[in-house]
Amino acid sequence: MSDSETRTDSREEAQAESLVLQRLREQFGEALREVKVWRNETTVVLSRQDLVRACRFLRDDQDLAFDFLSDVTGVDRLKLPQASPRFEVVYNLYSLQHRRRLRLKIRVDEGEAVPTVTGVWETANWHEREVYDLFGVPFEGHPDLRRILMPDDWEGHPLRKDYPVEASPRWWEEEPA
Amino acid sequence: MTSSRTMTLNMGPQHPSTHGVLRLVLTLDGEVVVKCVSHIGYLHTGIEKGLESKRYQQGIPLTDRMDYLAPLSNNLALVLAVEKALGITVPERAQTIRVLLTELTRIKSHLVWLGTHALDIGAMSVFLYCFREREAILDLYEAVSGQRMMSSYFRVGGLASDLPPGFEEAVKAFLKTFPDRLAEYEALLTANPLWRQRTVGIGTIKREDAIALGMSGPGLRACGVGYDVRRAHPYSGYERYSFEIPLGKTGDVYDRYLVRMAEMRQSHRITGQALERLTPGPVNVADPKLIPPPKPLLKRSMEALIHHFKLYAEGFSVPAGEVYHAIEAPKGELGCYLVSDGSPRPYRVHFRAPSFVNLQALPKMVEGRLVADVVAVIGSLDIVLGEIDR
């Protein structure tokens, strides 16, 4: 499949100018780096500096009320066409009241820290530890940033794309991309 | 920690009531838990990493091993996420069979929860009864997939095969006896003063805390929050079934017990409705790029042979993009976040495992309580470590 495969369906894009995006645009305008709608799911890429402020706004605004953080995870973009910045931290938000989902994303390079959202949603604690453990993305201000799945003395971060999937790295190199 | 008043107690990872390899470090003041720290990861098997090097259909068996008490629910989460990215919907018969089997899976998972939970608190007989009923569901599993536990029966685009002959009668026979059996368990426990003493007012969590901690499934509903993915975002045709969402009030161990018991009744109801909806028809999408052609056709059709070869040698590609699809697994919201780069292998798959998130609420439920309650609370959370550690 070609890289030019369009990620945004123009028909869906029209629907996407929803309340959530409107409010976000009003509040954060410039800070929204990118907005994508695909398969009826909205993804908003934010800059690091605005993350916590945006999360608080999304949680506390009555019309949005994203009170439930479903999930936080990471993506190593090393093998994607746009590999820089290398890491993506992905937040899947949910509003119990409005039954609405939203995905936030932050992009960082190796060694750059992401501000923690544990102050907004307590549940982020373990999710962020997992991203730190498996991708090596540090979280600034996290109350308890330790490895969570791997042993404390483990070297490397297994979900990085340059980490071998099997014991022999050669096998990995021979695998078609 | 340094105070001479407190004592540190290590519980697990090999402890029968931690339901797997969970390790807790408890700081005790006498019999009261002052602090509880969970250590997980003993069962980390790199499932998410493994999926990146497998083709989409090949990855399905790996998901069985996450919540091994509900393998078909895990299959469903992955399969639905891939189908969403592909932009396809499976035929109605496949949807109905998926609903039927995942509801049986919910009953099966809840039966293990009930049996082990009761065993932890000291009611041995319930455990034996629950496993008797679970056996009946495992037989149904075996009938459809040839496997009792790691069934991998769902496929992207439909099912591995249609239901075997006699399956509907077997389900009917199970549905007929199950309500009475469930009533038997309730007679043993619900009004039992010993059971109530160990569960009422124990491990209480407030509604706001449960939401902030991201709890889902019966644990969240026991606090009175009516969030059920089957109702909030119906998939596989759940909008066509009538069922209730049982809610609790106080969010204690007893409420979680009541909610799960009521859920088994609702699952029984949905299974019955699914049986009635079961009409003959295809169980796979009619797309030769996704579903291998029937074997006899290979000898006659060149095109079928090419499709067969392409599917097994290369697999199918999924358009580049990302999706998050959640289902209501027996333990709560099981989400699958999928990133595709347009190749036949997923670029990244992540599972939002409900047990992982629910376990995080444990300290809030046990701190300040007696050490004996820890066992009751863990049982009521219904965690599976295979899913937590992935």
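1. An open sheet in chain B has three strands in the order β6-β7-β8, paired antiparallel; two strands pair if DSSP finds at least two bridges between them. Because β6 (321-329) and β8 (348-352) of chain B are at the edges with a single partner strand each, one side of each has no neighbour in the sheet. From one strand to the next the twist averages 15°. Strands are DSSP runs of E, at least two residues, and helices are runs of H or I, at least four, numbered from the N terminus.

2. This is a predicted model: local features need pLDDT of at least 70 and side-chain atom pairs pLDDT 80 or more, while totals for chains, interfaces and linings use all residues. Residues are numbered from 1 along each chain as its sequence is written, and chains are lettered from A and ligands numbered from 1 in the order in which they are written.

3. β7 (residues 332-340) of chain B pairs with β8(B) over 5 antiparallel bridges. B:G335 has B:R352 in β8(B) as its bridge partner.

4. Helix α4 (residues 92-121) and helix α15 (residues 371-381), both of chain B, have axes that come within 9 Å and cross at roughly 175°. Axes are lines fitted to C-alpha atoms, for helices over the stretch in contact, and angles run from 0 to 180 degrees between N-to-C directions. The two helices are therefore roughly antiparallel (angles over 145 degrees).

5. Chain B has 16 helices and 8 strands. Buried residues make up 54% of its 390 residues; buried means that 20 or more other C-beta atoms, placed from the backbone, lie within 10 Å of the residue's own.

Conventions
Parallel < 35°, antiparallel > 145°, perpendicular 65-115°, else oblique. Buried ≥ 20, exposed ≤ 12 C-beta atoms within 10 Å, placed from the backbone.
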